[in-house]
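Hi,

Here is the structure I promised to pass on. Have a look at it first, and then read on for what I found in it.

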Amino acid sequence: MNQDEMKKASAEAALEYVESGMIVGIGTGSTANHFIDLLAGIKGKIDATVASSIASEERLKSHGIPVMDLNSAGQLSLYVDGADESTKQLHLIKGGGGALTREKIVAGASEKFVCIADDSKLVDVLGKFPLPIEVIPMAQSLVARQIVALGGNPVLREGFTTDNGNIILDVHDLEIMNPVEVEGKINQWAGVVTVGIFAQRPADVLILAGESGVTTYK
Ligand code: 5RP
């Protein structure tokens, strides 16, 4: 199995969490795209979805899957999304696709967050994958200086604007030993919209697909 087939296998395993009449929160990225494509096969089972990005919304609609606004949907039963890194504690780095803010909102509005990934995403300590931070453009230098003071190396994601009209700083060389604390700290900085650590609201279920099959962590 190649990496893309593993992503698809993890997405397939997440289908068992979809129950009749649910409004399902949908993540962003290539693994989430597999989930969207598979969800199309059982679209009659669910009431609607809430998308975490314009890209996912368009893909859902292209399959004829109804998409709702989160404010109309209220509390969601289920959120399914990929990740850039995960620990066995189900703390995540997300935002490689730049959709971290809406992803964190939809995850926060969901009772159960099922994270789907290939097993290359499993790490002991978060931070080898550059940590994305969504920042209000005028705060770029201010936030960058604070990242440097924390020991990280911020790199502007060139030519990229989030769905919310902001920039992304990708932070290299930051070993995140205490994800809950670091998430809270960075979130407090003026100009930071969202930091891509998902630890205060971690995943509830992690489905990892590898050569030897699918493993589920809870
Ligand atoms: C997008 C994300 C994605 O979940 C993350 O980047 C993983 O992407 P992929 O499924 O393509 O490996 O956080 O903002």
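An open sheet of three strands runs in the order E4-E5-E11, and its pairing is antiparallel. Strand E4 (85-86) and strand E11 (197-198) are at the edges with a single partner strand each, so one side of each has no neighbour in the sheet. Two bridges hold the antiparallel pair of E4 and strand E5 (residues 92-93). In that pair, glutamate 85 is found opposite isoleucine 93 in E5. Please keep in mind that this is a predicted model.

The other sheet I would like to show you is also open: six strands in the order E2-E1-E3-E6-E12-E13, with mixed pairing. Here the edges are strand E2 (48-51) and strand E13 (213-217); each has a single partner strand, so one side of each is left without a neighbour in the sheet. From one strand to the next, the twist averages 20 degrees. Strand E1 (residues 23-26) and E2 run parallel and are joined by four bridges.

Now to the ligand. Which residues are the closest to it? They are Ser30, Thr31, Asp84, Gly95 and Lys121, out of 17 residues that surround the ligand. Sorted by class, that shell holds nine polar, six charged and two nonpolar residues.

- Aspartate 84: an N or O atom in its side chain is 2.6 Å from an oxygen atom of the ligand.
- Glycine 95: a polar backbone atom lies 2.8 Å from an oxygen atom of the ligand.
- Glutamate 103: a polar side-chain atom is 3.1 Å from an oxygen atom of the ligand.

How much of the ligand's accessible area does the protein cover? On its own the ligand has 370 Å² of accessible area, and the protein covers 92% of that.

Best wishes

Methods
Residues numbered from 1 in each chain as written. Predicted model: local features only at pLDDT ≥ 70, side-chain atom pairs only at ≥ 80, totals over all residues. Heavy atoms only, no water. Pairing = 2+ DSSP bridges. Near = heavy atom within 4 Å. Polar contact = N/O pair within 3.5 Å; in protein donor to acceptor, adjacent residues only side chain to side chain. Areas by Shrake-Rupley, 256 points an atom, 1.4 Å probe, with all protein chains shown as cover. Nonpolar A, V, L, I, M, F, W, Y, C, P; charged D, E, K, R; others polar. Axes fitted to C-alpha atoms, helices over the stretch in contact; angles between N-to-C directions.
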